[in-house]
Amino acid sequence: MATSPVEPVNRPAEELNRAVIFLGPPGAGKGTQAKKLAAKYAVPHLSTGDMLREHIANGTTLGEKAKPIMERGELVPDSLVLKIVAHRIEQPDCSHGFVFDGFPRTVAQAQYLGELLKQHGYRRPIVIHLLVDMTLILRRITGRRMCKTDGEIYNIFERPPKVDGCCDTDGGELVQRPDDREEIVGPRLRAYEKQTAPLVAYYRRLGLLHDVDASKSVEDVEQQITQTLQQARGRL
Ligand code: AP5
């Protein structure tokens, strides 16, 4: 799964050696692009959404607390999320950098992360802000299907699997996330506007934010991100 430790034998020629943060509304394509970037640099893809869903699937105390909140489309309290993240980035596979997807999501989380990165001696993070309009967001969320086994993301409108309902990679069953139901999408978008969108101004002020037009194809967005990172790494 996306959150499991990765320590490949061969390191890529170019190291990431820092945190990259994907910021954007639900359905913007954070997970899709974060996974690609993490694979390219052989670093962990850290999705707090996936971590929380794993806790729910494993029936942990934290998962029991998070489940009803996520089902309502609200944000899980900072105290729970920060605990998971602090523990995760201390793992040895994070020593070459990591890619955050869905974290931070509040200004308090961003401030905490800033301190944590400093404590661990990381350089300043690069924040990729995915911009996409509401019509596309709704199409992407309602069309999303995920492989139950490896978490691979599909879309029945935009990126359908070769065989209906089956993952191309491992044949796993494709399912809809419970919070992708239409009635939960509204609360998720409102939570984004109220609690997460202020991070755009927060990171812009720090000079760390890079806008990317996420309405284009997956490949095109990936290319924009590659270029953005090359430019940003030279500066930061
Ligand atoms: P989380 O799992 O993080 O969900 P989210 O932020 O709502 O984002 P999504 O996963 O819906 O979308 P995405 O941007 O990753 O898009 P994707 O790549 O899948 O969080 C879920 C819940 O957990 C939250 O509501 C909250 O309760 C809790 N939570 C998580 N983190 C938290 C935190 N830090 N603090 C507090 N609570 C937290 O793409 C979407 C679809 O579009 C897919 O079908 C994909 O195939 C398709 N697609 C992607 N890109 C393109 C493209 N360029 N062209 C065409 N189709 C595309």
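The legends below describe close-up views of a predicted model.

**View 1. The edge-to-face pair of Phe98 and Tyr122.** Four aromatic pairs are counted in the model, where rings of Phe, Tyr and Trp (its six-membered ring) pair if their centres lie within 6.5 Å, with planes under 30 degrees apart termed stacked, over 60 edge-to-face and the rest tilted. Phe98 and Tyr122 form an edge-to-face pair, 5.2 Å centre to centre with 80 degrees between the planes. The pair links distant parts of the chain, 24 residues apart: Phe98 lies in strand S3 (residues 98–101), and Tyr122 lies in the loop between helix H5 (107–119) and strand S4 (126–131). Helices (H or I, at least four residues) and strands (E, at least two) are DSSP runs, numbered from the N terminus. Phe98 is buried, with a relative accessible area of 0%, and Tyr122 is buried at 16%; buried means under 20%, exposed over 50% and partly exposed in between (1.4 Å probe, protein chains only).

**View 2. The tilted pair of Phe100 and Phe103.** The ring centres of Phe100 and Phe103 are 5.1 Å apart and their planes stand at 50 degrees, so this pair is tilted. Both Phe100 and Phe103 are buried. Phe98, Phe100, Phe103 and Tyr122 form one aromatic cluster.

**View 3. Helix H1 (residues 30–41) and the residue that follows.** Buried residues in H1 include Lys30, Gly31, Leu37 and Tyr41. H1 is followed by Ala42, whose phi is positive, near 50 degrees.

**Notes.** Residues are numbered from 1 along each chain as its sequence is written, and side-chain values use heavy atoms, without hydrogens and water. Local features need pLDDT of at least 70 and side-chain atom pairs count only at pLDDT 80 or more, whereas totals for chains, interfaces and linings use all residues.

How values were computed
The expected span of a helix is 1.5 Å times one less than its number of residues.
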